[in-house]
Every structure is written in C-alpha cells, then in structure tokens.
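Please look over the sequence and the structure below before reading on. The report is meant for a reader who has not seen them before.

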Amino acid sequence: MIRFSVNIMRGCFGGCTFCSITEHEGRIIQSRSEESILKEVEEIRDKVDGFTGVISDLGGPTANMYRMACKSEKIEASCRKLSCVYPGICENLNTDHTALIELYRKARNTKGIKKVLIGSGLRYDLAVTSPEYVKELVQHHVGGYLKIAPEHSEENVLSKMMKPGMGSYNKFKEMFDRFSKEVGKEQYLIPYFIAAHPGATDEDMMNLALWLKEHDFKLDQVQTFTPTPMAMATAMYHSGKNPLRKVTHDSEEIPIPRAGGVRRLHKAFIRYHDPKNWPMLREALQRMGRSDLIGDSKKHLIPARQPLSENHSRRMHQFARNKIPAPKIFKRAR
C-alpha cells in the first residue's frame, strides 16, 4: 500500500482525545501543492517496480482535510480550542472540498493511471458538508470498501473521545448508499470502533453491541484502547478525571476500564457474533439484569446455548447441503 500511495497533507484539527497526531504534526493543516502531488503520481507510474496503474491512496492523517484552514489568520493565531470540529464544526473553519475534488479528477486522468483509491480514514462529518465531494469519492475512488471511524455509538463515550454523534454517520451512510446505487456499484463502509475507552461502562458497550447487531455489522478487527504518550485520553486513563473540564480534587470522575477482565468483556461486546465470547457475555448480561438479550430469535443479542464444536457444525452443514441424513450422536455410557 505505501509504495503506491501519496501523502498530500500533514496535521489534523480533529482533536480526538485517543489520538496524538495533533501533538505530533500540528493542528494547522500543511498541504502539498497540486503540482507536487501529481508529479509524485507520475514518478510512481514511471519508476516504481510492480506498479499496475492503481494509486492506493491520496491522503494523510485524514483523507479529506486537504487545504482546510481557519477563515481568519488572526482568529487562528489566538484560538485555543482543542478541536475545530467538536462539538460541532466551527463557523470559522473553511470546509470547502473543491481543491480536493479537482485533485482527485486530475490524478485519475493522468496518463497511465487506471484508478486512484482513497485508503486514509475519512472524516465523514466534514464530508457531508459537500455532497459533491461525497459523490466524487463514492463513484470514482472507492474500491468496494471505505474506512470511517465512528469509534462508538453512545454519546457518553463519544463526549470523552471528542467525536461527533451518530447523526453525522447516518447522514453520510445515506449519501454513500445513494451515490453507489446511482452508478450500480455494491460498496460497503468499514467502521472502526474502540473498546474499553475511558468513560465507557458495561452498559455503553452493550448498547454499542445492540447498535452493531441492528445494522448487521460483524467486525473482525477491534481496537482496544491503549494509553499512548501525549493523548488526552491517556490522562483520563491514569487520573480517572476528565481533563476536558476543569480538574479539581472533587471534579468529575469517570469510570476507567482498566482491569483485564473488563477490557476483555468490552471487546467481547463488539465481537458479539463470535461464539467464543458468548459464555462471557451471558454471564455479564445476567449480572446486568439483561437476560432478555439472551435467546435464539433475531431480537436477542446472543444465543442461549453454546454451539457444538466447529468441526461438527461443518460436518452437519455438509450433510444438509448434500441432503444426506445426519448421523446420530450417542453419549458413551459410564
């Protein structure tokens, strides 16, 4: 992927508390010139061994912050906000995607370039401000799957992450599906979620699992929160306080999923579809007074019984497919 990708910018003004990109690369976006980017595309085409005509990414820390900046240099110089997009997009932020749309078009029309994909994560709350950009992206630059990062479904946790609510996600998904359908493409969103983030409770993770089931998401890869240097959420993790508000000896305390069992449970909720997690989830749901979510209908989160071994299940499936009566199972007498 890296061999055939082009970095078009540095920096991020998102301010997500679990990420330290802003501290490493700055809040002000540093964008490369269009000429420089297109020149690198041509050099990949002409000089990189194994290139097949597909650019794997035009992006950076975020796919769609190219040439975005504060409308006023004076305000930008004095602003001390942690994020330009939380709790909502700042009225002083220029969210024009025109330069990025033109860059996409010129890159994909470069001689010898068959396709330009976008592999960097998309900031969808910015994208929905420009339906033209979403249409351009979806119809020309998605290779079947597009990465986005809601991170969670519950406002209680999203407020600790400084991430937008699910309203922006729903709006973007509607546009994504509509523009994909217009050109007859079957494409999918790949959402990223974080387990065991500071502030997350067992109930929050249960509600996220219900949201995932409702939207038919069965995630293979789940990121469990890890405290890293310079990230705001790391301060939450170690102090148990919320540094997004004034911190005093009696200020707000937040729950920290620090114990190994709790962290495993939070990850298990996101991977509710994995039979290996069902015993742990059954025990947790019973403890939480939510036994109503255990059962064998579509409204239930997990089944009431553990399945037979994987090998046996595969054999039963083969018998059913070939219309052969399945062998009876007898328990050995003791």
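The sections below cover pockets, a helix and salt bridges in this predicted model.

## The largest pocket

The largest pocket holds about 1100 Å³ of space. Its lining is made up of 43 residues, and those nearest the centre are Phe18, Ala149, Glu151, Tyr192 and Gln223. By class, the lining has 23 nonpolar, 10 polar and 10 charged residues.

Three elements each give at least two residues to this lining: helix H1 (21–25), strand E7 (145–151) and strand E8 (188–195). E8 contributes the most, with 5 residues.

## The second largest pocket

About 220 Å³ of space lies in the second largest pocket. Around it are Tyr145, Lys173, Phe176, Asp177, Gln187, Tyr188, Leu189, His215, Asp216 and Phe217. Helix H8 (166–182) and E8 are the elements that supply two or more of these lining residues. H8 gives the most, with 3 residues. The lining divides into 5 nonpolar, 2 polar and 3 charged residues.

## Helix H11

Helix H11 spans residues 260–270, and its buried residues are Arg263, Leu265, His266, Ala268, Phe269 and Ile270. These buried residues pack against E8, helix H9 (202–214), strand E9 (223–224), helix H10 (232–239) and helix H12 (278–287).

## Salt bridges

Side chains of opposite charge can pair when their charged atoms come close. The structure holds 17 salt bridges. One of them joins glutamate 136 and arginine 108, with an N to O distance of 2.4 Å. This pair links distant parts of the chain, 28 residues apart: glutamate 136 belongs to helix H6 (residues 131–140) and arginine 108 to helix H4 (residues 98–108). Glutamate 136 counts as buried because its relative accessibility is 6%. A network of salt bridges links Glu102, Arg105, Arg108, Glu132 and Glu136.

Another salt bridge is formed by glutamate 253 and lysine 241, whose closest N and O atoms are 3.7 Å apart. Both residues sit in the loop between H10 and H11, 12 residues apart. Are the two partners buried or exposed? Glutamate 253 is exposed, with a relative accessible area of 60%, whereas lysine 241 is buried, at 13%. In a further salt bridge, the side chains of arginine 290 and aspartate 292 meet at 2.9 Å, N to O. Arginine 290 is partly exposed, with a relative accessible area of 27%, and aspartate 292 is partly exposed, at 44%.

Definitions and conventions
Residues are numbered from 1 along each chain as its sequence is written. This is a predicted model: local features need pLDDT of at least 70, side-chain atom pairs count only at pLDDT 80 or more; totals for chains, interfaces and linings use all residues. Side-chain values use heavy atoms; hydrogens and water are left out. On a 1 Å grid over the protein atoms alone, a cavity is a set of points where a 1.4 Å probe fits but cannot get out, and a pocket is an open set with protein on both sides within 12 Å along at least five of seven lines; lining residues have an atom within 4 Å of a point. Grid points are joined across faces, edges and corners, and a volume is the space filled by probe spheres set on the points. Helices (H or I, at least four residues) and strands (E, at least two) are DSSP runs, numbered from the N terminus. Ala, Val, Leu, Ile, Met, Phe, Trp, Tyr, Cys and Pro count as nonpolar, Asp, Glu, Lys and Arg as charged, and the others, Gly among them, as polar. Buried means under 20% relative accessible area, exposed over 50%, partly exposed in between (1.4 Å probe, protein chains only). Contact means heavy atoms within 4.5 Å. A salt bridge is a side-chain nitrogen of Lys or Arg within 4 Å of a carboxyl oxygen of Asp or Glu.
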